[in-house]
Each structure stands twice: as C-alpha cells, then as structure tokens.
Amino acid sequence: MVKKIPERKCLGCMESFPKSNLVRVVRSPEGEISLDLTGKKSGRGAYICKSAECLKKAVKAKRFERTFECEIPEEIFEGIRRELEEA
C-alpha cells in the first residue's frame, strides 16, 4: 500500500506542495504568531514556501490576516522573514 503524502497550499504562490517542503506559520491559542519549524506547535496553522518571494506575496495580499482572522503587525512579518533566511 502506498502511503499518502499530506499536501498543503502555500499562501504566497497558492500552489500545493508536500507538507514537508513548506514552513508552517502558527497562531497560538493566546494569539501569538510565530514560525513553526517543527510543525508541532498547537494553534491554527498556515503554510508558506521557504522563499522570501512567497512571503512577500502572502503579506501583500493579506492572506495571513484572512487565515488567522486578526490584524498582524509588520514587525511579526519582519521576524518571520529573518527566521526564513536563517532556516
């Protein structure tokens, strides 16, 4: 039997990829937004490619705000951008 590989859609380019190729951004139950490199943090998750270009597209189109149903300050995206570059 072939094991099904879970796929998720990138909020930047809107293409589906295997979950392991994407980075998870999570909103914790307390409302804190952070990058989840392990994929195991609790909360609402959204996925994005490991590229600054996709992050830029998702931020411009306000896709994170729509997914997490809250306003997100620009400094949070700056932190995510830095973490993406380091990862």
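Helices (H or I, at least four residues) and strands (E, at least two) are DSSP runs, numbered from the N terminus. The views below show a predicted model, in which local features need pLDDT of at least 70 and side-chain atom pairs count only at pLDDT 80 or more, while totals for chains, interfaces and linings use all residues. Residues are numbered from 1 along each chain as its sequence is written, and side-chain values use heavy atoms, with hydrogens and water left out.

**View 1. Arg-81 in helix α3.**
Helix α3 spans residues 74-86 and contains Arg-81. Arg-81 counts as buried because its relative accessibility is 19%; buried means under 20% relative accessible area, exposed over 50%, and partly exposed in between (1.4 Å probe, protein chains only). A polar contact of 2.5 Å joins the side chains of Arg-81 and Glu-78. Such a contact is a pair of N or O atoms within 3.5 Å; within protein, one must be able to donate a hydrogen and the other to accept it, and residues adjacent in sequence count only if both atoms are side-chain atoms. When neighbours within four places in sequence are left aside, Arg-81 is in contact (heavy atoms within 4.5 Å) with Leu-55 and Glu-74.

**View 2. Strand β3 and its pairing partners.**
Strand β3 covers residues 23-27 and is largely enclosed by the rest of the structure, because 4 of its 5 residues are buried. Two strands pair if DSSP finds at least two bridges between them. β3 pairs in the antiparallel sense with strand β5 (residues 44-48) over 5 bridges, and the bridge partners in β5 include Ala-46 for Val-25 and Arg-44 for Arg-27. β5 is itself mostly covered, with 4 of its 5 residues buried. β3 also pairs in the antiparallel sense with strand β4 (residues 33-36), here over 4 bridges. In β4, Asp-36 is the bridge partner of Arg-24. The hairpin of β3 and β4 has 5 residues between the strands, and within this hairpin Gly-31 takes a positive phi near 95°.

**View 3. Val-23 in strand β3.**
Val-23 belongs to strand β3 and is buried, with a relative accessible area of 4%. Apart from neighbours within four places in sequence, Val-23 is in contact with Leu-35, Leu-37, Ala-46, Tyr-47, Ile-48, Lys-50 and Leu-84. The C-alpha atoms of Val-23 and Arg-81 are separated by 12 Å, and the two residues are 58 residues apart along the chain.

**View 4. Arg-24 in strand β3.**
Arg-24 is found in strand β3 and counts as buried at 11% relative accessibility. A polar atom of the Arg-24 side chain lies 3.0 Å from the backbone oxygen of Gly-43. Beyond its neighbours within four places in sequence, Arg-24 is in contact with residues including Ser-34, Asp-36, Lys-40, Gly-43, Arg-44 and Tyr-47.

**View 5. Arg-27 in strand β3.**
Arg-27 also has its place in strand β3 and is partly exposed, with a relative accessible area of 25%. Not counting residues up to four places away in sequence, Arg-27 touches Glu-32, Ile-33, Ser-42, Gly-43, Arg-44, Phe-68, Glu-69 and Cys-70. Arg-27 and Leu-37 are 10 residues apart along the chain, and their C-alpha atoms are separated by 13 Å.

**View 6. The largest pocket.**
Rolling a probe the size of a water molecule over the atoms shows where empty space is left. On a 1 Å grid over the protein atoms alone, a pocket is an open set of points where a 1.4 Å probe fits, with protein on both sides within 12 Å along at least five of seven lines; lining residues have an atom within 4 Å of a point. The largest pocket has a volume of about 160 Å³, a volume being the space filled by probe spheres set on the points, with grid points joined across faces, edges and corners. Among the residues that line the largest pocket are Lys-19, Val-23, Arg-24, Asp-36, Gly-39, Tyr-47 and Lys-50. The lining divides into 4 nonpolar, 3 polar and 4 charged residues; Ala, Val, Leu, Ile, Met, Phe, Trp, Tyr, Cys and Pro count as nonpolar, Asp, Glu, Lys and Arg as charged, and the others, Gly among them, as polar.

Met-14 lies in the loop between β1 (7-9) and β2 (16-18). Its phi is near 60°, a positive value in a residue other than glycine, and Met-14 counts as partly exposed at 38% relative accessibility. Lys-62 lies in the loop between α1 (52-60) and α2 (63-68). Although not a glycine, Lys-62 has a positive phi of about 55°, and at 47% relative accessibility Lys-62 counts as partly exposed.
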